[in-house]
Amino acid sequence: MKKLGLVGGTGPESTLVYYKEINRQIHMKTGGTAFPEISIESVNLYRALGYVADEKYEELSSYLSDAINNLVNGGAELVALTAGTMHVVYDELKDRVHVPLVSIPDAVSEAAASHKFNKVGLLGTIFTMQNDFFKKAFTEKGIDVVMPSDEDMMLVNCHVSTDRVMESKLMTIREVFKNSLKSCF
């Protein structure tokens, strides 16, 4: 089994979700006989979002590339970003690294297509919801991507791009997301 590297910290709670779910899935798929080797390189969420807000994509790419290289130097043979917004520089990162780099938009759009979904809702940072870099993988597969209302976008963004994304608030966040998704369809 390959060692996985996660670029985390771009949402501490989402990093935990990825870590827990990957462990659960591998443990289940191996009949309870294995857990994966995983390394996490945690980056500063606010620094990364600052690069995005200032449209400093070269700096963001360098910052995340350094994190990926740290993981590779630690033995990671496959790397994933744990936040959708960071995929704005996915193509640049893919060209800079020498191990496979997982694309969340590609993986999720492939799963949606395999389930024959023709429409999906997208929740994330305002940047992710308002730009096309994440939606492209879906639209290329003929899947419509719908977003919540502007008001709900602001509410969702507030929860995913601030320190409000902590375990004690997860139930409230789930309700916000559920209500926002209802407004999409």
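## Exercises on a predicted model

Strand β1 is largely enclosed by the rest of the structure, because five of its five residues are buried (buried: under 20% relative accessible area; exposed: over 50%; partly exposed: in between; 1.4 Å probe, protein chains only). The structure is a predicted model, in which local features need pLDDT of at least 70 and side-chain atom pairs count only at pLDDT 80 or more, while totals for chains, interfaces and linings use all residues. Residues are numbered from 1 along each chain as its sequence is written, and side-chain values use heavy atoms, with hydrogens and water left out.

**Exercise 1. State how many helices and strands the protein has, and what share of its residues is buried.**

Step 1. The protein has nine helices and six strands, where helices (H or I, at least four residues) and strands (E, at least two) are DSSP runs numbered from the N terminus.

Step 2. Of the 185 residues, 42% are buried.

Step 3. Contacts are taken as heavy atoms within 4.5 Å. Among contacts between residues at least 6 apart in sequence, 67% join residues at least 24 apart.

**Exercise 2. Determine which way each residue of β1 points.**

Step 1. In a regular strand, side chains alternate between the two faces of the sheet.

Step 2. In β1, L4, L6 and G8 point one way, G5 and V7 point the other way, and all are buried.

**Exercise 3. Derive the order of the strands in the open sheet of four strands.**

Step 1. Begin with β1 and β2. Strand β1 pairs with β2 (residues 38-42) in the parallel sense over five bridges; two strands pair if DSSP finds at least two bridges between them. The partner of G5 in β2 is S39.

Step 2. Turn to β3. Strand β1 (residues 4-8) also pairs in the parallel sense with β3 (residues 78-81), here over four bridges. The partner of G5 in β3 is V79.

Step 3. Strands β3 and β4 (residues 101-102) run parallel and are joined by two bridges. V79 has L101 as its bridge partner in β4, and A80 has V102.

Step 4. The order is β2-β1-β3-β4, with parallel pairing. Strands β2 and β4 each have a single partner strand and stand at the edges, so one side of each is left without a neighbour in the sheet.

**Exercise 4. Assign the handedness of the unit made by β1, α1 and β2.**

Step 1. Apply the criterion: a crossover is right-handed if, with the strands pointing away from the viewer, the path from the first strand over the helix to the second runs clockwise.

Step 2. The β-α-β unit of β1, helix α1 (residues 12-29) and β2 is right-handed.

**Exercise 5. Locate H98 and decide whether it is buried or exposed.**

Step 1. H98 lies in the loop between α4 and β4.

Step 2. With a relative accessible area of 78%, H98 is exposed.

Step 3. The C-alpha atoms of H98 and V72 are separated by 8.5 Å, although these residues are 26 apart along the chain.

**Exercise 6. Identify which helices each supply at least two residues of the lining of the second largest pocket.**

Step 1. The helices are α4 (90-96), α5 (104-114) and α7 (136-139).

Step 2. The largest share, three residues, comes from α4.
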